[in-house]
Amino acid sequence: MWVKICGITRPEDAEHAIAAGADAIGLNFVASSPRAVDRVSARAIAELARGRIELVGVIAELQLDEARALRAELELDCLQLHGSETPAFLAALLPRAFKAVRIGGPEDVAAAEAFAGERLLVDAKVEGQLGGTGARVDPELVRGLAERRRLVLAGGLRPDNVATLVGAVRPWGVDVASGVEQAGDPRKKSAERVQAFVRAARGPSLI
């Protein structure tokens, strides 16, 4: 079970994720997000964590040359496209990118199939929000995708529910942000919650 801790804004939180055994951390470059990180902070986190954990840059609505430049500048392992990017835009960044798709109904599942690449992230569809809402995806909608793709399940995951949702969907990986934060602070992670989340997420995969 691949586990990503997203919305890292502090070096100490990157250390929490590494210590817990997570596979990846997400650095959010979407300005409207409460978890957005500036280039200076992102560089410090990347330098600390590079080679110890996968570095994923979360972006939305950048131009192709901007996306490539960001990935190169910070030596990110991968980009997660969270905006209205097209299948062609994603294809130009493969294999070091994957699309995040908001799922609210069967039509969204059909649209998700158009995106190439091994990985595909699914998040809950909340009008006016790109992600990080804490809302959950209906497992029935994405179970089929999980059978065909390296599906990364996001949206409303917490230490106390991730095992149940992993069991219901059987994804390749999981992604969490708000579910491991300190007392609802979107810019700070709880080391205890991060550890508990990683343990719970991996439990069903061992059965």
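The axes of helix H1 and helix H2 (residues 39–49) come within 9 Å of each other and cross at roughly 30 degrees. That angle makes H1 roughly parallel to H2, since angles under 35 degrees count as roughly parallel, over 145 as roughly antiparallel, 65 to 115 as roughly perpendicular and the rest as oblique. Axes here are lines fitted to C-alpha atoms, for helices over the stretch in contact, with angles running from 0 to 180 degrees between N-to-C directions. H1 passes H2 in a right-handed crossing, meaning that the near helix is turned clockwise from the far one by less than a right angle. On the H1 side the contact uses Pro11, Ala14, Glu15 and Ile18, and on the H2 side Ile45, Leu48 and Ala49. Contact means heavy atoms within 4.5 Å.

A word on the model: it is predicted, so local features need pLDDT of at least 70 and side-chain atom pairs count only at pLDDT 80 or more, while totals for chains, interfaces and linings use all residues. Residues are numbered from 1 along each chain as its sequence is written, and side-chain values use heavy atoms, with hydrogens and water left out.

H1 (residues 11–20) also packs against helix H8 (residues 191–202), at an angle of about 30 degrees and with the axes 9 Å apart. This crossing of H8 by H1 is right-handed too. Here His16, Ala17 and Ala20 of H1 meet Ala191, Val194, Gln195 and Val198 of H8.

A further pair is helix H6 (residues 139–148) with helix H7 (residues 162–169), whose axes come within 8 Å and cross at roughly 60 degrees. H6 and H7 are therefore oblique to each other. Pro139, Val142, Arg143 and Ala146 of H6 touch Leu165, Ala168 and Val169 of H7.

The table gives the make-up of each contact; Ala, Val, Leu, Ile, Met, Phe, Trp, Tyr, Cys and Pro count as nonpolar, Asp, Glu, Lys and Arg as charged, and the others, Gly among them, as polar.

| H1 and H2 | six nonpolar, no polar, one charged residues |

Helices (H or I, at least four residues) and strands (E, at least two) are DSSP runs, numbered from the N terminus.

Now for the second largest pocket, which holds about 150 Å³ of space. Its lining includes Gly83, Glu85, Asp108, Phe115 and Lys125. Strand E5 (97–103) and helix H5 (106–112) are the elements that give two or more residues to this lining. E5 supplies the largest share, four residues. By class, the lining has four nonpolar, one polar and five charged residues. A pocket is an open set of points on a 1 Å grid over the protein atoms alone, where a 1.4 Å probe fits, with protein on both sides within 12 Å along at least five of seven lines; lining residues have an atom within 4 Å of a point. Grid points are joined across faces, edges and corners, and the volume is the space filled by probe spheres set on them.

The peptide bond from Leu94 to Pro95 is cis, with omega near 5 degrees, and Pro95 sits in the loop between helix H4 (87–93) and E5. Glu61 has a positive phi of about 60 degrees, although it is not a glycine, and lies in the loop between strand E3 (54–59) and helix H3 (64–73).
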